[in-house]
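Student: I'd like to learn how to read aromatic rings and surface charges in a protein model. Can we go through one together?

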Amino acid sequence: MSQKNEIDMAIVELHRRAELTSKVRYDAARRLMNHNLFSQWTLAVLAVGQIMISVMDALDLPSNYSDDYLAFGSIFFGVLVLAYSLLLGMANYSARSVKLHKCGLDLGELARELYMKSTQTGAMGYSYIEYAKRYYVILGQYENHEEIDYARTKHLMKQGKKSDRTAETTTDKASDKVLFKTYGINYLRGILLLIRYYTGFAHYFVTVILMSGWLWLAIPKS
């Protein structure tokens, strides 16, 4: 194989990597944005529930729990409010999501340039070197995605959805439906990916259910 052909193949491979990584970074941005949304709603539910517990105790409203148990509930859920407040502050989901989205944009732009380059014949070696440097500079400016983001994107692309899921539309609701259909119905591996993905959000749902159940049991039914 001639050196020119090797360089051309290297540019094609760099284009593939840039395109894939761009899509993965969009998925990572969406995952962090979902964490931001769920954590805020969980914090809101906990805060409202804690207020209701305090009101029940202060106004001496009928309750299935003793005063001591109401006090325990108020303290316990107050600690959860504090924990989620700290989680939001330290994780900084919203800002990280924006940065990863920007990374996806930068890589997408690079991928389009590489695609045009890969369709040309006789690409020069210095062009590949410059594009490779630019690719790694972009990666170095942002945090890395998680393995689940890569697995989800790779799985979707393997199912022939690549042309229907451009980098700019990965956060649309339509893409979510495609993801669920592709993962949850047709392929066992996809089901396992869904389970792995939503396990990361499970503690939000558990916390909300715990608060809701505690309040439901506290209120007399007759």
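This is a predicted model: local features need pLDDT of at least 70, side-chain atom pairs count only at pLDDT 80 or more; totals for chains, interfaces and linings use all residues.

Student: How many aromatic pairs does the structure hold?

Tutor: There are 16 aromatic pairs in the structure. One of them joins tyrosine 197 and tyrosine 198, with 5.1 Å centre to centre and 90° between the planes.

Student: What do we call a pair with 90° between the planes?

Tutor: Planes over 60 degrees apart count as edge-to-face, so tyrosine 197 and tyrosine 198 make an edge-to-face pair.

Student: And why is the pair of tyrosine 198 and phenylalanine 201 tilted?

Tutor: Stacked pairs have planes under 30 degrees apart, edge-to-face pairs over 60, and the rest are tilted. The planes of tyrosine 198 and phenylalanine 201 are at 50°, so this pair is tilted, with ring centres 6.2 Å apart.

Student: Now the charges. Which residues form a negative surface patch?

Tutor: Asp and Glu count as negative, and here Asp57, Asp60, Asp67 and Asp68 form the patch.

Student: Where does aspartate 67 lie, and is it buried or exposed?

Tutor: Aspartate 67 lies in helix α2, which covers residues 67–91. Its relative accessible area is 52%, so aspartate 67 counts as exposed.

Note on methods: Residues are numbered from 1 along each chain as its sequence is written. Side-chain values use heavy atoms; hydrogens and water are left out. Patches are made of residues with over 30% relative accessible area and no salt bridge: like charges are joined within 9 Å, nonpolar side chains (Val, Leu, Ile, Met, Phe, Trp, Tyr) within 5 Å. Accessible areas come from the Shrake-Rupley method with a 1.4 Å probe; for residues, only the protein chains shown count as cover. A salt bridge is a side-chain nitrogen of Lys or Arg within 4 Å of a carboxyl oxygen of Asp or Glu. The place of a charge is taken as NZ of Lys, CZ of Arg, CG of Asp or CD of Glu. Helices (H or I, at least four residues) and strands (E, at least two) are DSSP runs, numbered from the N terminus. Buried means under 20% relative accessible area, exposed over 50%, partly exposed in between (1.4 Å probe, protein chains only). Rings of Phe, Tyr and Trp (its six-membered ring) pair if their centres lie within 6.5 Å; planes under 30 degrees apart count as stacked, over 60 as edge-to-face and the rest as tilted.
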